[in-house]
Structure formats: structure tokens, C-alpha cells
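Morning, everyone. I have one model to show today, and I'll keep it short. Please have a look at the screen.

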Amino acid sequence: MGNVHVLDHPLIQHKLTYIRKTETGTKDFRELVDEVATLMAFEITRDLPLEEVQIQTPVSEATAKVLAGKKLGIVPILRAGLGMVDGMLNLIPAAKVGHVGLYRDPETLKPVEYYVKLPSDIEERELIVIDPMLATGGSANEAIESLKKRGAKQIRLMCLVAAPEGVEEVHQEHPDVDIYLAALDEKLNEKGYIVPGLGDAGDRLFGTK
């Protein structure tokens, strides 16, 4: 079963508090999400494999370590996931970026895929699906399913905040996917919002209502 990793680094927790606050405006909200995404990328890449190379320093020859060429891909779920892309690219600029667009069918309330554009070598990449919120888990499951259908083998999910219900839903459908969170919140309310959560991440990122 995929594991849940709550990234409790003090800087992540500190910035998340300001992301949650009602009075944080669009500009600050966007900058904070960007910064937290960079910090989370630092934690999520902790286990990337290394290999040894021979180099020349100004003093002597040396054996040193470099990344072992593992290819990464970042896949934001549109549109709120876009708010976390630049923050991750700050740290891993060589990663390719794909996009998955989903909307909620007003009749069935199920997510429907409307746009998918992915790197051509998706099956060779470790993909990190990003979305600020993991609420019911419906969108995350649909996005992960879209990637698997197209040949993806290694997928992680990274969100700012999640409800236990959403985590459970993803575990049920995709037990092989590890989940990385800045916070595991208390519950979903009757409207499907995460409590205490941070409101609608898309609206707060892009200034829409």
C-alpha cells in the first residue's frame, strides 16, 4: 500500500499557516504556495538515486556524487495544480511538465477528463501529480488513472492539505501511489470542503470567485 508522508519541516508548517489564513490575499497566497512547493520538492526528492563520478577540484582529483539520471515529470491537475509548478521547477528545472485537466460533471459529480498533454517518454519517468487539495480523492484518482492508461509506471501524489477521506479513496484505487502532504486535516464537511483546509485553492490563487 502507498504510504502517506506528512512533511513536517518547520518552514513548510509556518508558511502553510499563512496560506490557510482568510486575510492572506491573492499575491501573498500565490507566493506562499510557490515557496511551499519548493520546500516540498526538496523533501520529495530526498531518495533520488546518486552515482559516483570522477572530477577535478582546484586542489585534487576527487570522487563525487551526482544524480543518477532518474527522469522526473511534474503533472499538475488543472487549474489549481498550476500554482505549485514553478515552485517545484525552481528545485528540479530539468523535470518535464505534463497537464491533466478535469471538470466535475454537474449531474454525476464525478470528475471528467477534458485535457491531457504529457511528455512522450512518460513510462520512463517518475511522475509527481500535484494539486493543492486532496478532498474527496475523485480528481486525484482520475488523474492517476489517466497517467496509468498512457503507460506511467511510477507515480507520486503531492498536495498541500488532505482530508482523511481523500487519502483513503486514493489508497483504495491506487495502493501503489505514495502521497506527500504538508498537512493531513480533520475531515470533509457536508459541502465536500476540507476542514479546516484553506478554502478554494484555485479561487485564491487566481483571484476568481
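Let me start with a question: which residues does Ile 74 touch, not counting residues up to four places away in sequence? Keep in mind that this is a predicted model. The list is Met 88, Leu 89, Ile 92, Ala 95, Lys 96, Val 97, Gly 98, Ile 128 and Ile 130.

Let's stay with that residue. Ile 74 sits in strand 4, which covers residues 72–78. Is Ile 74 buried or exposed? Its relative accessibility is 0%, and the cut-off for buried is under 20%, so Ile 74 counts as buried. One of its contacts is Gly 98. Along the chain, Ile 74 and Gly 98 are 24 residues apart, and their C-alpha atoms are separated by 6.2 Å.

Now the whole chain. We have six helices and 13 strands. The C-alpha trace spans about 65 × 40 × 30 Å along its principal axes. How does the radius of gyration fit? For 209 residues, a compact globule would come in near 17 Å; this chain has 18 Å, so the value agrees. Of the 209 residues, 45% are buried. Take the contacts with a separation of 6 or more: 63% of them join residues 24 or more positions apart.

Next, the surface. The accessible area is about 11000 Å², and carbon and sulfur atoms hold 52% of that. On charges, the chain has 24 positive and 33 negative. Their mean positions lie 3 Å apart.

On to strand pairing. Strand 2 is residues 50–56, and strand 3 is residues 61–67. They pair antiparallel, over seven bridges. Four residues lie between them, and the two strands form a hairpin. Within that pairing, Gln 54 stands opposite Thr 63 of strand 3.

Then there is strand 10, residues 154–162. Why call strand 10 largely enclosed by the rest of the structure? Because eight of its nine residues are buried. Strand 8, residues 126–130, runs parallel to strand 10, with five bridges joining the two. There, Val 129 faces Leu 157 of strand 10. Strand 9, residues 133–134, also pairs with strand 10 in the parallel sense, over two bridges. Leu 134 has Ala 162 of strand 10 as its bridge partner.

One last link. Strand 8 takes in residues 126–130, and Ile 128 and Ile 130 are among the contacts of Ile 74. That brings us back to where we started. Thanks.

Note on methods. Residues are numbered from 1 along each chain as its sequence is written. This is a predicted model: local features need pLDDT of at least 70, side-chain atom pairs count only at pLDDT 80 or more; totals for chains, interfaces and linings use all residues. Side-chain values use heavy atoms; hydrogens and water are left out. The radius of gyration is taken over C-alpha atoms; the globule rule is 2.2 Å times the number of residues to the power 0.38. Buried means under 20% relative accessible area, exposed over 50%, partly exposed in between (1.4 Å probe, protein chains only). Contact means heavy atoms within 4.5 Å. Accessible areas come from the Shrake-Rupley method with a 1.4 Å probe; for residues, only the protein chains shown count as cover. Lys and Arg count as positive and Asp and Glu as negative; His and the chain ends are not counted. The place of a charge is taken as NZ of Lys, CZ of Arg, CG of Asp or CD of Glu. Two strands pair if DSSP finds at least two bridges between them.
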